[in-house]
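Please consult the sequence and structure shown below while reading.

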Amino acid sequence: MNLKKLAACSLLALGMGASIEAQAHRAWMLPSATVLSGENAWVTVDGAISNNLFHFEHHPLQLNNLEILSPSGKRVEAQNQFTGKYRSVFDVALAEEGTYTLQNRNQGVFGRYTLDGEMKRWRGNVNEINQIPADAEDLSLSEIDGRMQVFVTKGAPSNANFTPTGQGIELVPVTHPNDLFTGEPVAFRFLLDGTPAAGLDVTLIRHGIRYRDQVEEILVKTDADGQVNLEFTKPGMYWLEVETEQDSKRLEGAKRRLSYSATLEVLPL
C-alpha cells in the first residue's frame with residue numbers, strides 16, 4: 001500500500017472508545033466525590049458519552065483502557081465494574097492517603113475506505129495498517145491520541161501522579177485539581193509531547209446544561225508557557241477539554257488529533 005496516495009485525512013476520533021455515531025458527543029467520567037476522608041473511603045464513577053454533560057442518554061463509555069493509579073503510583077483494580085445501555089460504572093477503594101488518578105487513554109489509527117463499492121471502517125495501530133486491503137479505495141486515516149482523567153483525593157492532596165510522560169496532551173497543575181473554590185484564582189499548565197502547549201483553546205462547561213438555555217462555556221487560551229489562568233464564579237462539576245491537530249509524524253499525509261479532558265469539582269468558598 002502506498003501511503004503517499006492517501007486521500008485527505010478526515011477526523012474519525014470517536015471520543016475515548018465511542019462508536020461511530022458518538023463523534024459529535026462528549027465523553028466523560030463523573031465521580032461521586034473528589035475529596036474524601038476516613039478509613040473506609042470509596043468512590044463510584046459513572047462513564048458515558050452524551051450530548052448533555054453528565055446525563056445518560058446516548059452510549060456507555062468503554063472502559064477497556066481504564067487505568068487507576070494510587071498516590072504512590074501503584075495500579076489499583078476497579079471494583080464492581082459494569083456496563084449498561086447508557087453508562088458504565090465502577091468503584092474504587094481508596095486505601096492510601098493522597099491523590100488518585102483515574103484515566104482512560106485512547107491511542108491508535110482510525111481509517112475508512114471503500115472496497116467493492118462498500119464503505120468500510122478500520123481501527124488499529126500504525127504497525128497494523130497492512131491489514132487494510134491493498135485494493136482499498138478512497139482511504140482516509142487519522143492518528144488519535146486522547147487522554148481522559150479524573151482526580152480523587154483522600155486526605156491531603158498530593159502531586160506524585162502529575163509527573164509528565166511526554167506523550168500527548170497532559171495537565172500539569174499549578175493549582176491542584178482537587179483544590180478548586182469559587183472566587184479563587186486557578187492556574188493549569190498543559191504540555192504537548194512534553195513541551196509547553198502554547199496557543200491551545202481550553203473549554204470548561206459546568207454541569208446542568210440540560211436545564212439552561214445557554215451552554216455557558218468558559219473559553220480560555222494557553223499562553224506561551226502552556227498555562228491558563230481563570231476564576232470560577234459558580235460551584236459544581238465541570239468538564240474540561242483541550243483539542244488540537246497536527247501533521248502525523250508516523251503516517252505520511254495523515255493528521256494526528258490530540259485531545260485531553262477531565263472532570264473537575266469546584267466547591268463554594
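R206 forms a salt bridge with E216, the closest N and O atoms being 3.4 Å apart; a salt bridge is a side-chain nitrogen of Lys or Arg within 4 Å of a carboxyl oxygen of Asp or Glu. R206 lies in strand β14 (residues 201–206) and E216 in the loop between β14 and β15 (218–221), so the pair ties together parts that are 10 residues apart in sequence. Strands (E, at least two residues) are DSSP runs, numbered from the N terminus. The model is predicted: local features need pLDDT of at least 70 and side-chain atom pairs count only at pLDDT 80 or more, while totals for chains, interfaces and linings use all residues. Residues are numbered from 1 along each chain as its sequence is written, and side-chain values use heavy atoms, with hydrogens and water left out.

- R206 counts as buried at 16% relative accessibility, whereas E216 counts as partly exposed at 39%; buried means under 20% relative accessible area, exposed over 50%, and partly exposed in between (1.4 Å probe, protein chains only).
- E216 also forms a salt bridge with K234, with the closest N and O atoms 3.6 Å apart.
- This second pair links distant parts of the chain, since K234 is in the loop between β16 (227–231) and β17, 18 residues from E216.
- K234 is partly exposed, with a relative accessible area of 37%.

**Other salt bridges**
- The count of salt bridges comes to 13.
- R250 pairs with E143, the closest N and O atoms being 2.7 Å apart.
- R250 counts as exposed at 55% relative accessibility, and E143 as buried at 6%.
- R105, D145, D193 and R256 are linked in a network of salt bridges.

**A buried arginine without a salt bridge**
- R147, in strand β10 (residues 137–154), is buried yet has no salt bridge.
- The nearest side chain of opposite charge to R147 is E170, 4.1 Å away; Lys and Arg count as positive and Asp and Glu as negative, with His and the chain ends not counted.
- A polar atom of the R147 side chain lies 3.1 Å from the backbone oxygen of Q167.

Note on methods
Helices (H or I, at least four residues) and strands (E, at least two) are DSSP runs, numbered from the N terminus. A polar contact is a pair of N or O atoms within 3.5 Å; within protein, one must be able to donate a hydrogen and the other to accept it, and residues adjacent in sequence count only if both atoms are side-chain atoms.
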